[in-house]
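Thanks for coming. Have it open as I go.

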Amino acid sequence: VAAAPSALEPTPAGSSRALEVLSRVFGYDSFRGEQAQIIDHVVDGGDAVVLMPTGGGKSLCYQIPAMLREGTGIVISPLIALMADQVAALEANGIRAAFLNSSLEPHEAQAVEQQLLAGELDLLYMAPERLVLHRTAQLLQRARIALFAIDEAHCVAQWGHDFRPDYLGLSVLAETFPSVPRIALTATATRETHSEITENLRLDHARHFVSSFDRPNIQYRIDPKAAARDQLLRLIRTEHPGEAGIVYCLSRRGVEQTASWLVDHGVAALPYHAGLDSAVRHEHQERFLREDGLVIVATIAFGMGIDKPDVRFVAHLDLPKSIEGYYQETGRAGRDGQPSTAWMAYGLGDVVNQRRFIDQSEGGEQFKRNARSHLDAMLALCETVSCRRVQLLRYFGQESEACGNCDICLTPPTTWDATVPAQKLLSALIRLDRERDQQFGSGQVIDVLRGKDNERSSQSRHHELSVWGIGEDLSEREWRTVLRQLIARRIVEAVGEYGVLVPGEDAGPVLRSEVTVELAVDRAPAKAPRSSRG
Ligand code: ADP
Ligand code: ZN
């Protein structure tokens, strides 16, 4: 699919009625990107699939048609926690909006149903599980419906990272309401997700609006992980002092510890994760939105539907599970178009842990295969030696030129021929296994390669092995860098609970010298200068 101009560019077009609503109700004077075309298409009764990056302005694409068409626009969203806020914001603009979800008392829900039937609502939000209830279907049959907007539509894709089974039930809308236009919207745009949305929601006749996914004001940087918190603090102090940012950690414990560590070091930081009391969570989210210069430390539970324009940096202290997740999370930076940083610290432990999570997960084989291929794509982005933006956009099906504003473009990494070290490492794994019937994690294997005595080595007489000390020429740190890249490329595999190392599926050609192994030298985790590209 050819990508349209960036979703954030203003465009003059738009029917006069739509423009009138845009300025009178929302107070804006022009549409952005393809908003005008999308709105006109839906107002005319057409179905639409809208792929637009976070912050691109998807909401107006269904809100304005809902106001221009007769009847109520039904908005299906998984974000129950945000519905009350969204509705309050619409009401503040004078729009007649309401929501139906499990947080309402029966009499409140009834009042909303009455409003719907009386034609007193422009917009009605509900969760998919509500919509598929027989009772709701009956209610909607009796009401006048302007359109169905299916927000976060990637939740219908089984291939994706955010699948919600209830979304599959939305396919009935095509049959039950054949004359009501449907618009599906998402910020996730891989080919697979796109076609699953189209198929699973039966949007056979829809027009497809695919915006450019480039966010040129975001500088993408991925540093080797040394002491991640110190690296983060340096980033905040040197580049973003007193500015708003989001720090993502994998675990709740990581969130708690990082937040209090930052506070101890003079950074105004607040924790956010699903384990916190909901009142506390709400308060932290509110403060982050309203106050200036707060840093929120969060699990990925935070951020969906959050609209704060001046987030200056998004930092990942742990490796995201997929490029979709990474792109969505980093996309929360710089919605105002000002220069912003997407920074991540990534190390050997991340690869080993994430692979282990997948292996030990409860999911079936298909789930694991998907999870592995998502992770591999993410690792490829981390280990790339060419422009990160090119890689990222290519993942979303968009070709581009080197950006000049990512860490790789700004400081191209040096590469070296690591074929011999890779062979030494593989030989060590094979010798340990064959001659001692032993498998070890990275620490012990590196000690054997470097000929570094320890208790286990003396006990097992490792110094008698032919591979003892053959890797003395590299430091321990260098070996960890080599190992990380070899694992990312599946030349070595870390398996089981302890991450013991075994030759990976691509080890053969390396051992037989049929391929050379070109690896990057880790750059010192330094500050990347900001380029003038905006
Ligand atoms: P998305 O759902 O795609 O992430 P939103 O619909 O929340 O994005 O819009 C992001 C921000 O951009 C909001 O603050 C919204 O009010 C603003 N916005 C949307 N369209 C326009 C426009 N045409 N002109 C100015 N601001 C806009
Ligand atoms: Zn680049």
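This is a predicted model: local features need pLDDT of at least 70, side-chain atom pairs count only at pLDDT 80 or more; totals for chains, interfaces and linings use all residues.

Where does S5 sit in its sheet, at the edge or inside? Strand S5, 97–100, is an edge strand, as is S9, and each pairs on one side only. The sheet itself is open, with seven strands in the order S5-S6-S4-S7-S8-S3-S9 and parallel pairing. On average, neighbouring strands here are turned by 20° against each other, direction ignored.

One helix to look at on this sheet is H2, residues 35–43. Helix H2 lies across strand S3 (48–51), strand S7 (145–150), strand S8 (182–186) and S9, and runs at about 160° to S3.

Staying in that region, take Val 50. The largest nonpolar core has 153 residues, and of these Val 50 and Leu 124 touch the most other members. What does Val 50 touch, leaving out residues up to four places away in sequence? The answer is Ile 38, Lys 58, Cys 61, Ile 183, Ala 184, Leu 185 and Phe 209.

Strand S11, residues 245–248, pairs with S14 in the parallel sense over four bridges. Within that pairing, Ile 246 has Val 314 as its bridge partner, and Tyr 248 stands opposite His 316. Four bridges also join S14 to strand S15, residues 340–346, and the two run parallel. There, Val 314 has Ala 342 as its bridge partner.

Are the faces of S14 covered or open? Both are covered: Phe 313 and Ala 315 on one side, and Val 314 and His 316 on the other, are all buried. As background, side chains in a regular strand alternate between the two faces of the sheet.

Next, helix packing. Helix H1, residues 16–26, and helix H3, residues 58–68, pack at an angle of about 105°, with their axes 10 Å apart. That angle makes H1 roughly perpendicular to H3. Arg 17, Ala 18, Val 21, Leu 22 and Phe 26 in H1 meet Leu 60, Ile 64, Met 67 and Leu 68 in H3. By type, the residues of this contact are eight nonpolar, no polar and one charged.

Last, the backbone. Most residues other than glycine have a negative phi. Which residue goes against that in the loop between helix H9 (191–200) and strand S9 (207–210)? Arg 202 lies in that loop, and Arg 202 has a positive phi of about 55° although it is not a glycine. Arg 202 is partly exposed, with 16 other C-beta atoms within 10 Å.

Asp 437 also has a positive phi of about 55°, and it is not a glycine either. Asp 437 is found in the loop between helix H18 (419–436) and helix H19 (442–450). With 8 other C-beta atoms within 10 Å, Asp 437 is exposed.

That's what I have. Happy to take comments.

Conventions:
Residues are numbered from 1 along each chain as its sequence is written. Chains are lettered from A and ligands numbered from 1 in the order in which they are written. Axes are lines fitted to C-alpha atoms, for helices over the stretch in contact, and angles run from 0 to 180 degrees between N-to-C directions. Angles under 35 degrees count as roughly parallel, over 145 as roughly antiparallel, 65 to 115 as roughly perpendicular and the rest as oblique. Two residues are in contact if their C-beta atoms, placed from the backbone, lie within 7 Å. Ala, Val, Leu, Ile, Met, Phe, Trp, Tyr, Cys and Pro count as nonpolar, Asp, Glu, Lys and Arg as charged, and the others, Gly among them, as polar. A nonpolar core is a set of buried Ala, Val, Leu, Ile, Met, Phe, Trp, Tyr and Cys residues joined through C-beta atoms within 7 Å. A residue is buried if 20 or more other C-beta atoms lie within 10 Å of its own, exposed if 12 or fewer, and partly exposed in between; C-beta atoms are placed from the backbone. Two strands pair if DSSP finds at least two bridges between them.
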